[in-house]
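Subject: Structure handover

Hello,

Here is the structure I said I would pass on. My notes on it follow below.

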Amino acid sequence: VRDAAFSPNGRYVAWTSGVSVKFFNLALGTRFVLTAKGVVISLAFSPNGGLLTTVTRHSVAMNRNQDFVRTWSMADGSLVHTFREVGAMPFSASQTGRYIACRTMQGGTTIWDSNNGGRPNINTGPISTFDDRYVVFGPAELVATWTTRTVSVRRLDAANSPLWTIDLADEVKALWIDPHEQYLVTATDASLQVWTVAGERPVSTVEPG
């Protein structure tokens, strides 16, 4: 097994070990298979469970691979969108699955917008590209990105231009955006800090212990 994931509603477990994704319905005990058009190297459900995203790898030339990021409907297994990416690594999706973030082999991050009127397509380029290695989507319009000690808050409609950027004293281990997109929480080995999305100073600091 190369990769596996639970659906957010706990109904399915999905896994892959080749060119297909296999699903097991935990409630009904049934299985079904999705053929993913290439060797699947990673997969994930959108937070609302409506879409499955796969990264598939294709050999296109001597010592050269082409990766594709595809989203599939969990309602009927149909292909929804296709994005061409080179060296795609672990990724995350926005709440609805409209935005997909991929970490590239070059160490940066790309964000793709799958809103094309519901037709399968191939997009030749992402809407945003930046150097940060980690991405957390808010439930609506915000996305937070970080690498080591630097955190940026961005709007999805203009993700290349951060609303603000902060440098922390310690390495960031995790990050969360609250459901109302008013606060941001950063976690380091030293503390948890709560920030307002509109500002660049913490409103609260909690030390572990």
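Strands here are DSSP runs of E, at least two residues long, numbered from the N terminus. In that numbering, strand β20 covers residues 192-196, and Leu192 lies in it. Please keep in mind that this is a predicted model.

Surface patch

Leu192 has a relative accessible area of 37%, which makes this residue partly exposed. Together with Trp176 and Val206, Leu192 forms a nonpolar patch on the surface. The accessible area of the three together is about 280 Å².

Aromatic pairs

A search of the whole structure turned up four aromatic pairs. One of them is formed by Tyr12 and Phe32, with 5.8 Å from centre to centre and 90° between the planes, an edge-to-face arrangement. Tyr12 belongs to strand β2 (residues 12-16) and Phe32 to strand β4 (residues 30-35), so the pair ties together parts that are 20 residues apart in sequence. Buried means under 20% relative accessible area, so Tyr12, at 15%, counts as buried. Phe32, at 34%, counts as partly exposed.

Trp164 and Trp195 also pair: their ring centres are 6.3 Å apart and their planes are at 35°, so this pair is tilted. Trp164 sits in strand β17 (residues 164-167) and Trp195 in strand β20, which links distant parts of the chain, 31 residues apart. Both Trp164 and Trp195 are buried.

Finally, ring pairs join Tyr12, Phe23 and Phe32 into a cluster.

Regards

Technical notes
Residues numbered from 1 in each chain as written. Predicted model: local features only at pLDDT ≥ 70, side-chain atom pairs only at ≥ 80, totals over all residues. Heavy atoms only, no water. Patch = residues over 30% accessible without salt bridge, like charges linked within 9 Å, V, L, I, M, F, W, Y side chains within 5 Å. Areas by Shrake-Rupley, 256 points an atom, 1.4 Å probe, with all protein chains shown as cover. Salt bridge = Lys/Arg side-chain N within 4 Å of Asp/Glu carboxyl O. Helix = DSSP H or I, 4+ residues; strand = E, 2+ residues; numbered from the N terminus. Buried < 20%, exposed > 50% of the residue type's maximum accessible area, 1.4 Å probe, protein only. Phe/Tyr/Trp six-rings, centres within 6.5 Å; stacked < 30°, edge-to-face > 60°.
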